[in-house]
Amino acid sequence: MANHRCAVLGKPIAHSLSPVLHNAAYRSLNLNDWLYDKHEVGEDDLDAFLKGLDSTWAGLSLTMPLKRTIQPYGTPENLWAKELRVANTAVFDWNDITDDPAWPHGKPAIKLYNTDVIGIQLAFDHINRELGNHHAGDRAGTALIIGNGNTATSALAACCMMPEIGHITVAARHPGRNAGLKPVAEKFINTHNPYDEIELSDTSALLNAARTATYVINTIPGLAANGIANVINTDSESHAEPYSGLLLDVVYNPRPTRLMQAWRAHGGRAIGGEEMLLYQALIQVLLMTGIWDDDPPSDADKRLQGTTTEDDHLEIAMRNALEEAL
């Protein structure tokens with residue numbers, strides 16, 4: 001019997017691998033009375049779902065389209081939940097209940113976190129350690145982000161937290177549509193020119209940014225980046241210099257994506273979205289189970305590098321389960 005419950009909410013949700021990751025973590029931690037599942041919940045359904053929860057519920061993961069819809073119900077706790085007003089994690093405190101007739105079991109305090117930003121940052125930290133890459137914290141590097149939606153916002157925030165990145169270029173079909181990107185870059189990157197945008201259709205500008213970037217992050221879903229892969233393949237026929245940066249493609253189905261294949265074929269290193277998925281879920285587990293209690297994980301990269309052998313086993317268990325599911 002599950003005395004502690006968690007779940008991922010979103011619409012659609014059938015494809016989610018979050019239950020695989022979280023339940024593997026519970027097994028690793030010997031939390032035998034914990035269960036994590038998934039529920040298809042849209043924006044119009046969230047209110048009723050939340051009000052139906054009881055004190056067995058410890059937390060929720062929020063995916064599209066709920067990362068902003070959850071905001072009125074809780075309090076942002078970590079840096080990027082506050083700055084971006086986007087949260088993918090809700091943790092319930094049933095010791096702090098407000099009597100409310102609309103909530104049959106009382107309204108718990110709901111703490112909101114953004115672990116997507118840290119997930120991206122940790123994905124890069126992990127691969128850099130594996131490759132033996134050491135970047136100076138001099139803001140001399142650049143990043144290219146493909147897309148300008150919610151995931152691009154988290155990607156930009158992650159780049160802001162990397163002291164090697166001093167300039168971010170966003171390539172999007174509709175530059176300017178996400179007005180919140182530039183202010184974040186200007187606030188957290190202390191260089192004279194931290195941000196610019198280009199049109200995704202401007203292949204010359206796109207390839208110039210990609211060829212010189214320290215990091216490239218593709219945030220456009222599905223097969224939408226296949227065209228960029230074709231452009232890279234065509235461009236490389238007339239340019240001898242390789243792509244030297246590190247690509248993170250947040251898509252993990254198919255695996256590897258055509259963009260990752262093209263990038264690797266022309267000299268670059270590439271990782272898939274499963275790395276981001278793993279690390280954002282790892283932070284969620286630490287928060288929802290109370291292992292990290294109320295300490296917001298704004299410095300999660302530093303804290304995880306100093307974790308114990310037990311924590312290492314947790315990451316390995318989650319990674320093994322994810323590999324099997326993929």
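## Thr169 and its surroundings

The side chain of Thr169 makes a polar contact with the side chain of Asp196, at 2.7 Å. A polar contact is a pair of N or O atoms within 3.5 Å; within protein, one must be able to donate a hydrogen and the other to accept it, and residues adjacent in sequence count only if both atoms are side-chain atoms. This is a predicted model: local features need pLDDT of at least 70, side-chain atom pairs count only at pLDDT 80 or more, and totals for chains, interfaces and linings use all residues. Residues are numbered from 1 along each chain as its sequence is written, and side-chain values use heavy atoms, with hydrogens and water left out.

Thr169 sits in strand S8 (residues 165–172). Helices (H or I, at least four residues) and strands (E, at least two) are DSSP runs, numbered from the N terminus. Thr169 is buried, with a relative accessible area of 8%. Buried means under 20% relative accessible area (1.4 Å probe, protein chains only). Neighbours within four places in sequence aside, Thr169 contacts Ala143, Leu144, Ile145, Asp196, Ile198 and Ala209. Contact means heavy atoms within 4.5 Å.

## H4 against H5

Helix H4 (residues 116–131) and helix H5 (residues 150–160) have axes that come within 8 Å and cross at roughly 55°. H4 is therefore oblique to H5. Axes are lines fitted to C-alpha atoms, for helices over the stretch in contact, with angles from 0 to 180 degrees between N-to-C directions. Angles under 35 degrees count as roughly parallel, over 145 as roughly antiparallel, 65 to 115 as roughly perpendicular and the rest as oblique.

Asp116, Val117, Ile120 and Gln121 of H4 meet Ser154, Ala155, Ala157 and Ala158 of H5. Five of the residues in this contact are nonpolar, two polar and one charged. Ala, Val, Leu, Ile, Met, Phe, Trp, Tyr, Cys and Pro count as nonpolar, Asp, Glu, Lys and Arg as charged, and the others, Gly among them, as polar.

## H4 against H10

The axes of H4 and helix H10 (residues 273–288) come within 7 Å and cross at roughly 120°. That makes H4 oblique to H10. From H4, the contact takes in Asp116, Ile118, Gly119, Ile120, Leu122, Ala123 and His126; from H10, Glu275, Met276, Tyr279, Gln280 and Ile283. Seven of these residues are nonpolar, three polar and two charged.

## Helix H1

Eight of the 11 residues of helix H1 (residues 18–28) are buried, so H1 is largely enclosed by the rest of the structure. Among them are Pro19, Leu21 and Tyr26. Just after H1, Asn30 takes a positive phi of about 60°.

Key: Buried means under 20% relative accessible area, exposed over 50%, partly exposed in between (1.4 Å probe, protein chains only).
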